[in-house]
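Here are a few exercises to work through with the model open beside you. Try each task first, then check the steps.

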Amino acid sequence: MENSDAIINKSLGLNISNTTNMFLSAPSSATVISMFVCGVLGNLLAIFVLVRTSKRHKWKNFYRLVGALSITDLFGILASTPLVLVNYLNNFKWVGGQATCDYFAFILIFAGLTTIFFISFMSLERFLAVCCPYFYKRNISEQRVNIITALLYLLSITIATLPILGFGENVNHFPGSWCFFNFYGQSTLQYIYSYLYASTGIALIFMTATFNIILIVTLAKEIRRKDLQERKCSVNSASSRRRRRNDIYLMVFLSAILIVFGICYSPLMIRVVLNQSKWTQLCESCDLLAIRLASFNQILDPWVYILLRRENIICFVKRTKRFKSTFLQRLSGIHSYGSERIAIIRHSLRHRKSQSKDVDDNLAEVNANIMPDDINDAQQI
């Protein structure tokens, strides 16, 4: 078994400069512990909420995938974070040699790919349910969703196992607290594996973004069409309100998932391509930031689901409408008060103008009466 220093240097040849030492001083074990607690609590709470509300959602396909995603994220956090904490406490010197390095890399690759697969499958499932309802009803059953979920797990395990079997290589990366496949590799197999991983991730991110954008636009048009119909027919039934709330919930949830998913995983895929293609210079801190963002996605996913639950969104929409109506009432009150004041001022100005006109008429009449007498007096003189 090779020692930790050999693992770190055999493929990357890391040279930690003063700049990288400054970067090392920023993270601490307290940060790792807090992220671990947030991730575990978030995923446990998401699973608890799913189980408790199972009578309402009846474990439909979408909620099955949400549950599988939460379980996978929880497993990834529990299986990898303790080893990270040990290496933080050991001054970033890898513990356990190549065996623990392969284990840690396997967990990161497996959990990351499974998350990407499930989020993409969730987007595809919702896209088919909304945009192709007849096809969805005839072909997407619970049994098939379970089979596809198992196949996605198996595919992720297969891809994560390849570097251990020699199709690629797992190495320790800067600053020594994590292991991943070698995306600085020189051999053909390392090139192939790096591009396989990155191209799979980029393709799934692009597919997810495409499906979600189409779905959001479709739902927005549908909500607008239903609102116009209800205004024309003056009908606003409970079922139509419920469907509109469901559409709004789905739009918000998919938008949040798309934003979080893209921000967290895109940098890692881009860094793998850039490093393997040698298009940019070595940037170890950039790679560390990319893997941290990808790991942070496992913490954010359950909180996105918890905070953006249908009940919370409905409550937020109701409060927004209440605030809007109150604001408009106050604005209309201010407007009516201003209109009354303007009317009073105009009436006062008109009254003054009429009084001034009457005075002018009286003066003209007086002058008209005085002028003949003045003329006669002038003639007598």
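**Exercise 1.** Which helices do the buried residues of helix 3 pack against?

*Solution.* Keep in mind that this is a predicted model. Start by finding helix 3, which covers residues 29-52. Its 24 residues reach 34 Å from first C-alpha to last, close to the 34 Å expected at 1.5 Å a residue. Next, pick out the residues that are buried: Val32, Gly39, Val40, Gly42, Asn43, Ala46, Val49 and Leu50. Now look at what they pack against: helix 4 (54-57), helix 5 (61-89) and helix 11.

**Exercise 2.** Work out how helix 6 and helix 11 cross, and what their contact is made of.

*Solution.* Take helix 6 (residues 97-131) and helix 11 (residues 284-307): their axes come within 11 Å and cross at roughly 55 degrees. An angle between 35 and 65 degrees counts as oblique, so helix 6 is oblique to helix 11. The crossing is left-handed. On the helix 6 side, the contact uses Leu108, Ala111, Gly112, Thr115 and Ile119. Helix 11 brings Ile291, Ser295, Asn297, Gln298 and Asp301. Sort these contact residues and you get four nonpolar, five polar and one charged.

**Exercise 3.** Decide whether Ile257 is buried or exposed, then find what it touches.

*Solution.* Ile257 sits in helix 10 (residues 238-277). Its relative accessible area is 6%; buried means under 20%, so Ile257 is buried. Skip the neighbours within four places in sequence, and Ile257 is in contact with Ile119, Asp301 and Val304.

Technical notes
Residues are numbered from 1 along each chain as its sequence is written. This is a predicted model: local features need pLDDT of at least 70, side-chain atom pairs count only at pLDDT 80 or more; totals for chains, interfaces and linings use all residues. Side-chain values use heavy atoms; hydrogens and water are left out. Axes are lines fitted to C-alpha atoms, for helices over the stretch in contact, and angles run from 0 to 180 degrees between N-to-C directions. Helices (H or I, at least four residues) and strands (E, at least two) are DSSP runs, numbered from the N terminus. Angles under 35 degrees count as roughly parallel, over 145 as roughly antiparallel, 65 to 115 as roughly perpendicular and the rest as oblique. A crossing is left-handed if the near helix is turned anticlockwise from the far one by less than a right angle, and right-handed if clockwise. Contact means heavy atoms within 4.5 Å. Ala, Val, Leu, Ile, Met, Phe, Trp, Tyr, Cys and Pro count as nonpolar, Asp, Glu, Lys and Arg as charged, and the others, Gly among them, as polar. The expected span of a helix is 1.5 Å times one less than its number of residues. Buried means under 20% relative accessible area, exposed over 50%, partly exposed in between (1.4 Å probe, protein chains only).
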